[in-house]
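Open the model in your viewer and keep the selection tool at hand. The tour moves from one selection to the next.

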Amino acid sequence: MHTHPSISINLLLNFTMSDININHPLPTHEVVTYKECLHNHSTTLGHVTYDGCVKYIVGEDALLCACCGSHRNFHHKNTIFIAEPQTQTPDQVQEMRSKRKKRTTFSSEQKNKLIRFAESVGWKPRKEKKDEIESFCSEMGITRRMFVVWLSNNRHRAINNA
């Protein structure tokens, strides 16, 4: 059993989201069938002539078609990847939830400070105010990235209040 990186979305629709773990692709297996023969029998003459064999049939030699005698490689190969659902135990689900990054939450006092400061910088983290933003973030005990994300998520307040 191996995994294939290009599982079509149609195969995934049969499963619920709890069955799918995005960190580990679904195990799949291939179903290979060979269709019509594409052996051109008149290539030396510069023409295209097929023999009309519509499906590869295994003969005595596994690689030669019993119908037309051509090698299996001349037949159109059709590969289907079938996904197999992975069921997860409650322990595995709980472990995945515990690995998630915790959301940053701010107290109402911190939110008020953030709003006042955001209004003073114009709700945009401009480069010329980088030192001011850095000192504010260190005073608040947050990273600059946390402040920028908070600005992006709460910028609508400035638009709605204006």
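Predicted model: local features only at pLDDT ≥ 70, side-chain atom pairs only at ≥ 80, totals over all residues.

Residues are numbered from 1 along each chain as its sequence is written, and side-chain values use heavy atoms, with hydrogens and water left out.

Select helix H4, residues 130-140. Helices here are DSSP runs of H or I, at least four residues, and strands are runs of E, at least two, numbered from the N terminus. Colour Ile 133, Phe 136, Cys 137 and Met 140, which are buried (under 20% relative accessible area; exposed is over 50%, partly exposed in between, with a 1.4 Å probe and protein chains only). Looking down the axis of H4, the buried residues fall within an arc of 100° and so line one face; the arc uses directions from the helix axis to the C-beta atoms. On the other side of H4, Asp 131, Ser 138 and Glu 139 are exposed.

Next, show helix H3 (108-120) and helix H5 (144-161), which are included in what covers the buried residues of H4 (contact means heavy atoms within 4.5 Å). Step past the end of H4 to Gly 141, whose phi is positive, near 80°.

Now select the cysteines. How many disulfides (cysteine sulfur pairs within 2.5 Å) does the structure hold? It holds zero. For Cys 67, the nearest cysteine sulfur is that of Cys 53, 3.9 Å away. Cys 67 counts as exposed at 52% relative accessibility, whereas Cys 137 is buried at 1%.

Finally, go to Ile 80 in strand E3 (residues 75-83). Ile 80 is partly exposed, with a relative accessible area of 41%.

Definitions and conventions
Disulfide = S-S within 2.5 Å.
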